[in-house]
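The sequence and structure come first.

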Amino acid sequence: MKELANNIIAKTPFNRPGGRAILALIWVCFFWGTTWIASKQGVQYIPAIQMCGIRQLCGGTLYLLYFLYKKQPWPKGRQWVTILILSALNFMLTNTLSTWGVKYISSGLGAIIAAIVPLWIVIITLFEGARLPSKAITGLILGFGGICIIFYDHLKDFLNADFRLGIFLSLAASISWAFGGVYTKKHAANFNPYFSMGLQMLISCVALFSITYTTGDSINIADIPLNGWLAVSYLVIVGSVLTFIAYVYMLQRLPTSQGSIYAYINPVVAVLLGAILFNEKLNMYVAIGGAVTIFGVYLVNDSFRKKLM
């Protein structure tokens, strides 16, 4: 994976390693924010679970072929347990629920809810007996306070059952992602994490296709319109492959404090593009609430960077 990242990103005007790492950071900041827009576009044409299954099948296959070509050793024994659990948390739940959620809520709101994952991680570790620094407590209050500000503007929307479902799915996705992060930190085996991700995708797509087959909540592949395939292709190539490669590259070369900036910019990109492309609501409540939420997440990250993140 490191070699693949080097080969792709090295072919840029940024000749120095530090410059290429900054370019990779800029890429991640912008393009992972755009995946919320692609997901919003895709679920207009394809049932969410089916779309995630297709995305994970394509993305997982690309990763698998690459690591088979590199003759990467397969996981053994209990390593498969870790991969199965992470597949359930990260892809069957997190990726699928967040994609399903933006069918009913704005892509910007979905991205902001996803950004509060560090707050859930703090709560999880709090139940495990961890002591919270005062900065983390402040960040926790600000983070959820910002969400409340945004929701205040959506109070009447809660009368809509679809909106409530979208919020529930998005919150459930962020909680699952937090548990996946905590589990990875504690139990991840000594095994290539990127090969593992490809395997997680493939395992997840089998489960998702089984669900769509059982429930009948799918459409014929031939009936998927061009716009649906463009959304899926974008999510696979840009979201699952190129941006993740850039993410790995920048993590290897930038300080944690600098590399984590993407988590605060992705929601901003999603909110702005959602307003431009889908006429999603962008007003004082969304702007102030989003800013307060992201600042709260920053305080939590800054407090626990060495311990949790």
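The sections below go from the whole chain to single residues.

## Basis of the model

The model is predicted; local features need pLDDT of at least 70, side-chain atom pairs count only at pLDDT 80 or more, and totals for chains, interfaces and linings use all residues. Residues are numbered from 1 along each chain as its sequence is written, and side-chain values use heavy atoms, with hydrogens and water left out.

## Overall fold

The protein has 13 helices and zero strands. Helices (H or I, at least four residues) and strands (E, at least two) are DSSP runs, numbered from the N terminus. Of the 309 residues, 50% count as buried. Buried means under 20% relative accessible area, exposed means over 50%, and partly exposed lies in between (1.4 Å probe, protein chains only).

Contacts (heavy atoms within 4.5 Å) that join residues at least 6 apart in sequence link residues at least 24 apart in 90% of cases. Accessible areas come from the Shrake-Rupley method with a 1.4 Å probe; for residues, only the protein chains shown count as cover.

## Nonpolar cores

A nonpolar core is a set of buried Ala, Val, Leu, Ile, Met, Phe, Trp, Tyr and Cys residues joined through side-chain atoms within 4.5 Å. The largest such core has 28 residues, and the members that touch the most others are Val28, Tyr63, Phe244, Tyr247, Met250 and Tyr262. At least two residues of this core come from each of helix 2, helix 3, helix 4, helix 9 (193-215) and helix 10. Helix 10 gives the most, with eight residues. A second, separate core holds 26 residues, among them Trp120, Leu132, Phe151 and Ile167.

Helix 6 (residues 117-127) is mostly covered, with eight of its 11 residues buried. These buried residues are Val117, Pro118, Leu119, Trp120, Ile121, Val122, Ile124 and Thr125.

## Aromatic pairs

A pair of aromatic rings is described by the distance of the centres and the angle of the planes. Rings of Phe, Tyr and Trp (its six-membered ring) pair if their centres lie within 6.5 Å; planes under 30 degrees apart count as stacked, over 60 as edge-to-face and the rest as tilted. The structure holds 15 aromatic pairs. The pair of Phe30 and Phe31 is edge-to-face, because the ring centres are 5.0 Å apart and the planes stand at 85 degrees. Phe30 is partly exposed at 37% relative accessibility, and Phe31 is also partly exposed, at 21%.

Trp32 and Tyr247 form a tilted pair, 5.1 Å centre to centre with 45 degrees between the planes. Trp32 lies in helix 2 (residues 17-42) and Tyr247 in helix 10 (residues 226-253), so the pair ties together parts that are 215 residues apart in sequence. Trp32 is buried at 18% relative accessibility, as is Tyr247 at 18%.

Gln50 is in helix 3 (residues 48-69). With a relative accessible area of 5%, Gln50 is buried. Apart from neighbours within four places in sequence, Gln50 is in contact with Phe209, Thr212, Ser218, Ile219 and Ile221.

Val248 is in helix 10 and is buried, with a relative accessible area of 2%. Val248 and Leu25 lie 223 residues apart in sequence, with a C-alpha to C-alpha distance of 9.9 Å.

## Loops and surface

The loop between helix 3 and helix 4 (79-101) contains Trp74, which is partly exposed at 41% relative accessibility. Leu65, Leu68 and Trp74 make a nonpolar surface patch of about 300 Å². Patches are made of residues with over 30% relative accessible area and no salt bridge; like charges are joined within 9 Å, and nonpolar side chains (Val, Leu, Ile, Met, Phe, Trp, Tyr) within 5 Å. A salt bridge is a side-chain nitrogen of Lys or Arg within 4 Å of a carboxyl oxygen of Asp or Glu.

Lys71 lies in the loop between helix 3 and helix 4. Its phi is near 55 degrees, a positive value in a residue other than glycine, and Lys71 is exposed, with a relative accessible area of 73%. Asn279, in the loop between helix 12 (262-278) and helix 13 (284-304), has a positive phi of about 55 degrees although it is not a glycine. At 67% relative accessibility, Asn279 is exposed.
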